[in-house]
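Colleague: I'd like to learn how to read this model. Could you take me through a few features?

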There are 2 protein chains.
Amino acid sequence: MSRVFITPTGILRERWREAFPAARAAAKIARLTEKVLTDTGSLWLDTAQLPEQLRMPRVIAACALGRPVVVMVGVPAEGEAHAFLNAGAVGYCHVEATPEQLQEIATVVEHGGLWMPPALLQRFLALTTRATGSQMTQVQPLNELTSRELMVAEQVAKGASNREIAEILSITERTVKAHLSAIFEKLQVRDRVQLALKMNNIPTYHTVN
Amino acid sequence: MSRVFITPTGILRERWREAFPAARAAAKIARLTEKVLTDTGSLWLDTAQLPEQLRMPRVIAACALGRPVVVMVGVPAEGEAHAFLNAGAVGYCHVEATPEQLQEIATVVEHGGLWMPPALLQRFLALTTRATGSQMTQVQPLNELTSRELMVAEQVAKGASNREIAEILSITERTVKAHLSAIFEKLQVRDRVQLALKMNNIPTYHTVN
DNA sequence: TCTGGCATTGTACTTTTGGACAGGTAAAGG
DNA sequence: CCTTTACCTGTCCAAAAGTACAATGCCAGA
């Protein structure tokens, strides 16, 4: 378990060292040694001094390493937080966070949690609730589906092929098709792509146009 | 620090005790003693056997106590997760979660983090992204796509057929296919359904299994 | 008991999709 | 000028998806 800080200067800040005496620093992701890459523990990305257009690529690159990534920023911004977390980061905090906070955050993200400033979290949840609130009604026609049909639909929603669905439900590929035909009819979609999107509450080509 | 489980039966499940040997159980929030109320540690609310209309009030009541609340459900549902977390809960998991998972979750929420199943978290973030309209978050290897390929991919993401895409982009259906082949290769998906899902930041069959 | 809905599967057929192989053009850069 | 890259198209083929028509078995409710 090791904490690694990616920061332009390549030097650990005082508070970082306070929080994690064993922490290491690197100026670039490319500089990381094999050993670090295979290790566990959180990865901290300092974007405070980074030009804006460079931040997202860095976050993505950091997340690609497979370790939980916390993005540290100079000025917290909601939109940016969205973007980074959506890109795979699991933490978003201020560069000047106190050592105690840093430790808390590390604990959280290293155990599979998500951390961001409480105020931001509040905003996040409010937003998603609103987003789904309006679309909850769209899930309604799912009631028309029989239990078996629903199982098929759920698999399609995850991108499974007919063969895979047949395998999973222990039925013939033919039967899967039969269910699908019924589903298309009931949900008023024309193919599996639109079904998959509908199951995920995503507007499709024909429902919007 | 104590963990308290609110469950209709008032009896701790096997795995809960395994996870937290010192845990306590209560049938109702009103039954909680003063001592418990002033203590710290997480509060676990079992809603599996609870009628639907009773759940939300319970969650709200539990959150009012000021301790981090984890809601445990029998059947995870996105809309419900939203609602509960928005009501103040900071954890959402299955009642049958393993002791190890429970411990992880406790660690996270007791350190100010948010915990929910990874797949759900994905959906959450994707949703907020769409809700806020921050398009800049088209992440991942989408960078590798050429402009034309991106146009095709975006149409697929909306559920369009090859013929429709050809029409929209004023090219041959054959060309659409050519672009699609390139896209599949670059994004590591096998068909248009998985592409559509990936474009919408939704985990697919093979990426989760 | 009869009926209707559900689940299942079959054969046969059409459409759509995706891949293999093989080109052609146009723009950008060394 | 030559190479690379993106873009576009063609033919051929195979697999997957989807439809039409038909049939069987189960089970719950009238």
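Modeller: Let's begin with the definitions: Ala, Val, Leu, Ile, Met, Phe, Trp, Tyr, Cys and Pro count as nonpolar, Asp, Glu, Lys and Arg as charged, and the others, Gly among them, as polar. A residue is near a strand if its C-beta atom, placed from the backbone, lies within 6 Å of it. The surface near DNA strand D then divides into four nonpolar, seven polar and seven charged residues. This is a predicted model, where local features need pLDDT of at least 70, side-chain atom pairs count only at pLDDT 80 or more, and totals for chains, interfaces and linings use all residues. Residues are numbered from 1 along each chain as its sequence is written, while chains are lettered from A and ligands numbered from 1 in the order in which they are written.

Colleague: Which helix gives the most to the surface near DNA strand D?

Modeller: Helices are DSSP runs of H or I with at least four residues, strands are E runs of at least two, and both are numbered from the N terminus. Here H9(A) leads with four residues.

Colleague: Are the faces of strand S3 of chain B covered or uncovered?

Modeller: In a regular strand, side chains alternate between the two faces of the sheet. Buried means 20 or more other C-beta atoms within 10 Å of a residue's own, all placed from the backbone. In S3(B), residues 43–46, both faces are covered: Leu43(B) and Leu45(B) are buried on one side, Trp44(B) and Asp46(B) on the other.

Colleague: And how many bridges join S3(B) to S4(B)?

Modeller: Strands pair if DSSP finds at least two bridges between them. S3(B) and S4(B) (residues 69–73) pair in the parallel sense over four, with Met72(B) as the partner of Asp46(B).

Note on methods
Buried ≥ 20, exposed ≤ 12 C-beta atoms within 10 Å, placed from the backbone.
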